[in-house]
Amino acid sequence: MADSNSSPGHTAVTRNVELISALLNELDVMGVREFCVAAGARNAQLLHLLLARRSVVYHFVEERSAAFFALGRVMHSRRPVAVVTTSGTAVAELFPAIMEAHYQAMPLIAVTADRPSRYRGSGAPQAVEQMGFFGNYVVRDVEMEYRDGEYHATVGRATGGNGPQHFNICLEEGFACFEAEHREPPPRKPTPHPAPEWDKVGASKFWSAKGPMLAMVGGLHPADVPAARQFLLKVGVPVIAEATSNLLGDEALKSQLLTGGEAVMRAFEAKRVVRLGSVPSWRWWRDLDERENIPVLNISRAPFRGLSRTQGVVTCPWEVLRHPDFHVPMVASAMPVIADPERLEQVLKANPLSEPAWMGHLSRAMGEGSMIMLGNSLPIREWNLASESPPAGAAFFANRGANGIDGLVSTWLGLSAQSQESWLIVGDLSAVYDLGGPWILPQLKAGKRRLVVINNGGGKIFSRVGWLKEADEGTRRVMENPHGLSFEPWARMWGMDYRLITVPDQLRDDADEGAAVWEVRPDMLQTEAFWKAWQGS
Ligand SMILES: Cc1ncc(C[n+]2csc(CCOP(=O)(O)OP(=O)(O)O)c2C)c(N)n1
């Protein structure tokens with residue numbers, strides 16, 4: 001576009017507005033309706049135009065929380081949500097959430113304001129290398145700039161597929177006010193549904209292999225449950241489902257669902273594995289890397305095979321489930337005979353204040369239709385093992401893309417923004433990681449929010465890692481970061497109620513609304529006794 005001439009300041013603002021409008025129109029068509037912004041001078045004009053368009057805007061003080069919150073919104077709605085930053089180090093704060101979105105194949109959109117490109121490499125304030133910053137972790141990056149009297153949109157990377165995207169917009173200094181504009185959102189760009197492609201030879205080889213088959217189900221969005229259920233009923237094999245699969249307690253699959261976790265998987269001796277949804281957390285799954293004689297078929301929205309080996313592993317896109325050429329035979333492997341089906345219940349009953357037993361107590365305290373996020377890996381594993389049926393209509397989520405313990409409070413708050421009742425179960429160090437997350441609470445729809453910190457005084461997951469058993473006391477201390485922190489002052493700082501919980505009766509709760517930190521302190525001796533009785537260590 002040719003340069004129209006007037007005063008230099010006016011011209012700069014006009015160009016900025018033109019660029020920003022082009023960007024916002026593109027985001028509009030992509031279906032972005034929510035923006036999580038962290039302000040700076042560089043993005044002021046962008047924020048003003050966003051507000052003038054009456055977009056949904058959440059505002060944050062720091063970008064890491066903003067990005068994880070935005071990711072939570074994407075995970076809930078599966079629609080693109082933008083996180084908007086100023087220039088400089090602000091951009092880098094988005095990286096962890098972008099990585100997580102990459103491994104979950106979620107459309108988190110980073111919009112970063114930049115100084116004009118002529119400043120690059122000059123060391124001028126807040127002029128850093130923003131273009132291409134997220135490397136392979138985005139499916140598309142685009143830089144928008146008005147340069148030499150022309151509008152340039154430079155595409156750095158465009159691989160296609162699902163995942164995060166980055167728009168870097170170079171802006172001159174200058175600001176102008178505009179009247180609020182009433183605009184109907186344009187129709188969303190229809191999500192392209194290209195015919196799925198998959199390794200047909202590999203898949204049919206998998207189906208023709210012999211021996212008992214196990215289905216493992218990792219995280220599934222509640223909207224994907226019907227397709228998963230239909231597939232599992234058709235194959236008719238035993239199913240080991242994580243809580244985040246949203247299949248636990250499923251009536252239709254009752255006769256196929258296995259309980260008892262790792263011990264049952266070991267006893268079953270599967271010779272073939274079909275995995276649905278995200279990569280499972282089970283140890284048994286990880287050990288499949290060493291067992292190359294067991295073929296694996298993955299069916300997932302994210303294109304990752306979840307194992308380092310390629311031998312005998314076929315990975316199909318989720319869309320195959322609806323494709324007429326994806327042949328699913330009935331395999332009907334028999335359910336394993338469990339030596340002592342009551343044993344887990346007995347061990348839990350004998351240790352009612354152990355960490356795993358708390359998962360059962362908590363699940364009974366949750367209301368119907370709750371949104372439940374399981375934070376880091378220990379609560380996820382304990383929940384998988386020890387919680388009973390989830391509350392009716394519950395929807396489970398977790399950040400199991402890159403398995404970070406960062407941004408969990410913020411992701412949960414993003415997930416919960418529209419929920420009536422929502423719960424986060426998170427470890428103490430993971431909670432410490434995201435102390436600024438609750439900033440956003442006053443901007444959310446009122447609802448019942450329970451942030452449950454399982455405070456076992458440090459990173460206790462490390463004592464559950466088999467190959468770390470030999471670690472000496474000194475190494476263990478540095479890894480676990482033992483502490484005696486209380487989460488009460490944190491709750492108070494953000495205006496949340498606080499409850500210290502040491503016995504299940506304290507989980508009684510009549511409140512329908514409000515946010516509260518519930519600090520659960522499990523009994524360490526009972527936790528040890530539980531694991532000793534259940535697993536022998
Ligand atoms: C960003 C990030 N840093 C470090 C780790 C390594 N890590 C995994 S679990 C863990 C400790 C978690 O402790 P806590 O939240 O208290 O949970 P617990 O182990 O007690 O369940 C750490 C540091 C990680 N996964 N992500």
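L413 lies in helix α13, where a helix is a DSSP run of H or I with at least four residues, a strand is a run of E with at least two, and both are numbered from the N terminus. This is a predicted model, in which local features need pLDDT of at least 70, side-chain atom pairs count only at pLDDT 80 or more, and totals for chains, interfaces and linings use all residues. Residues are numbered from 1 along each chain as its sequence is written, and side-chain values use heavy atoms, with hydrogens and water left out.

L413 has a relative accessible area of 1%, so it is buried; buried means under 20% relative accessible area, exposed over 50%, and partly exposed in between, with a 1.4 Å probe and protein chains only. When neighbours within four places in sequence are set aside, L413 is in contact with F69, G437, P438, I440, L441, L444 and R449. Contact here means heavy atoms within 4.5 Å. E368 is 45 residues from L413 along the chain, and the C-alpha atoms of the two are 19 Å apart.

S416 also belongs to helix α13, which covers residues 408-416. S416 counts as buried because its relative accessibility is 0%. A polar atom of the S416 side chain lies 3.2 Å from the backbone oxygen of L413. The side chains of S416 and R449 make a polar contact at 2.8 Å. A polar contact is a pair of N or O atoms within 3.5 Å; within protein, one must be able to donate a hydrogen and the other to accept it, and residues adjacent in sequence count only if both atoms are side-chain atoms. Not counting residues up to four places away in sequence, S416 touches M371, S422, L444 and R449.

Next come the aromatic rings. The structure holds 15 aromatic pairs. One of them joins F530 and W531 edge-to-face, with 5.0 Å between centres and 85° between planes. Rings of Phe, Tyr and Trp (its six-membered ring) pair if their centres lie within 6.5 Å; planes under 30 degrees apart count as stacked, over 60 as edge-to-face, and the rest as tilted. F530 counts as buried because its relative accessibility is 0%, and W531 counts as buried at 8%. F95, Y103, F133, F134, Y137 and F304 form one aromatic cluster.

Charged ends can also be placed relative to rings. The charged end of R115 sits over the ring of Y119, 4.0 Å from its centre. For K200, the charged end sits over the ring of W198, 4.4 Å from its centre. A charge sits over a ring if NZ of Lys or CZ of Arg is within 6 Å of the ring centre and within 35 degrees of the ring normal.
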